[in-house]
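Biologist: Can you walk me through this one? I'd like to start with the packing.

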Amino acid sequence: MENRKYSVIVFDLGNVLIPFDYSIMMKRLDLIEEGLGQKFMEHYKENYHVHRKFERGDLTEDEFIDLMLHPCNGCLDRETFCRYYSEIFRVNEDVASLLPELKKKYKVVLLSNTNSIHREYGYKQYSFLMHFDRLILSHEVGAVKPEPEIYKAVEAYTQAPPEEHIFIDDVLEYVEGAKKMGWDAVRFSSYGQLLEDLKARGIL
């Protein structure tokens, strides 16, 4: 590995710290009406641009929920939708256990394409969040990965040179977006691989 000084470790959230599984939601919808889970997911995928606009903060919660509830034909109230839509996460305890160790030597930042419903109903209670110096969330900064503005929002907080940042994300496009900003970045595939990547850089 190149000899590089790091001062900031930046983590993605979904599928790195909190794996998610939409089939949990689909099964719950099927209990309301047979086939509703598949019907909803097809609608969700066909309207992924709506999801993306919500993550960027370009849609309000009410606007997003109204659009997402179309396939449900009145059989799901807003509160239940928010819970079902958000109760799809679990914590990767191995990865989360790295945070307090890394925080001893580095600034630790969360960088996530996420939305206000998932935060409120899904993950805000997770204790590992306390180890982050700052949460940079797409809907709060008005940009999504891999847009340069969201990486710049991290730099605006850290006040560190780009090359002192390393980013951990499961999506190759977002890893490449970080590298274009002058950051180091690794694609997350497993806890074991992440340990190897961090040890190879002298971070652990």
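Modeller: Below we go through the core, a helix, a loop residue and a pocket.
Modeller: This is a predicted model: local features need pLDDT of at least 70, side-chain atom pairs count only at pLDDT 80 or more, and totals for chains, interfaces and linings use all residues. Residues are numbered from 1 along each chain as its sequence is written, and side-chain values use heavy atoms, with hydrogens and water left out.

Biologist: How many residues are in the largest nonpolar core?
Modeller: It has 53 residues. Phe11, Leu17, Phe64, Phe81 and Phe128 have the most contacts inside it. A nonpolar core here is a set of buried Ala, Val, Leu, Ile, Met, Phe, Trp, Tyr and Cys residues joined through side-chain atoms within 4.5 Å. Buried means under 20% relative accessible area (1.4 Å probe, protein chains only). A second, separate core of 18 residues includes Val10, Ile150, Tyr151 and Ala178.

Biologist: And what is Phe81 in contact with?
Modeller: Beyond its neighbours within four places in sequence, Met25, Phe40, Phe64, Ile65, Met68, Leu69 and Leu76. Contact means heavy atoms within 4.5 Å.

Biologist: Which residues of H5 are buried?
Modeller: In H5, residues 78–86, they are Thr80, Phe81, Cys82, Tyr84, Tyr85 and Ser86. They pack against H1, H2, H3, H4 and H8. Helices are DSSP runs (H or I, at least four residues), numbered from the N terminus.

Biologist: What caps its N-terminal end?
Modeller: Asp77 does, with a side-chain oxygen 3.1 Å from the backbone nitrogen of Glu79.

Biologist: New topic. Where is Val144?
Modeller: In the loop between H9 (138–141) and H10 (148–158). Val144 is buried, at 2% relative accessible area. Glu55 is 89 residues away in sequence, yet the C-alpha atoms are 7.0 Å apart. Val144 also contacts Arg52, among others outside four places in sequence.

Biologist: Arg52: buried or exposed?
Modeller: Buried, at 17% relative accessible area. Arg52 is in H3. Not counting residues up to four places away in sequence, Arg52 touches Asn113, Val144, Lys145 and Tyr174.

Biologist: What lies nearest the centre of the largest pocket?
Modeller: Phe20, Tyr48, His51, Glu55 and Asn113, out of 27 lining residues. A pocket is an open set of points on a 1 Å grid over the protein atoms alone, where a 1.4 Å probe fits, with protein on both sides within 12 Å along at least five of seven lines; lining residues have an atom within 4 Å of a point.

Biologist: Which helix gives the largest share of the lining?
Modeller: H3, with 4 residues. H2, H3 and H8 each supply at least two.

How values were computed:
Buried < 20%, exposed > 50% of the residue type's maximum accessible area, 1.4 Å probe, protein only. Polar contact = N/O pair within 3.5 Å; in protein donor to acceptor, adjacent residues only side chain to side chain.
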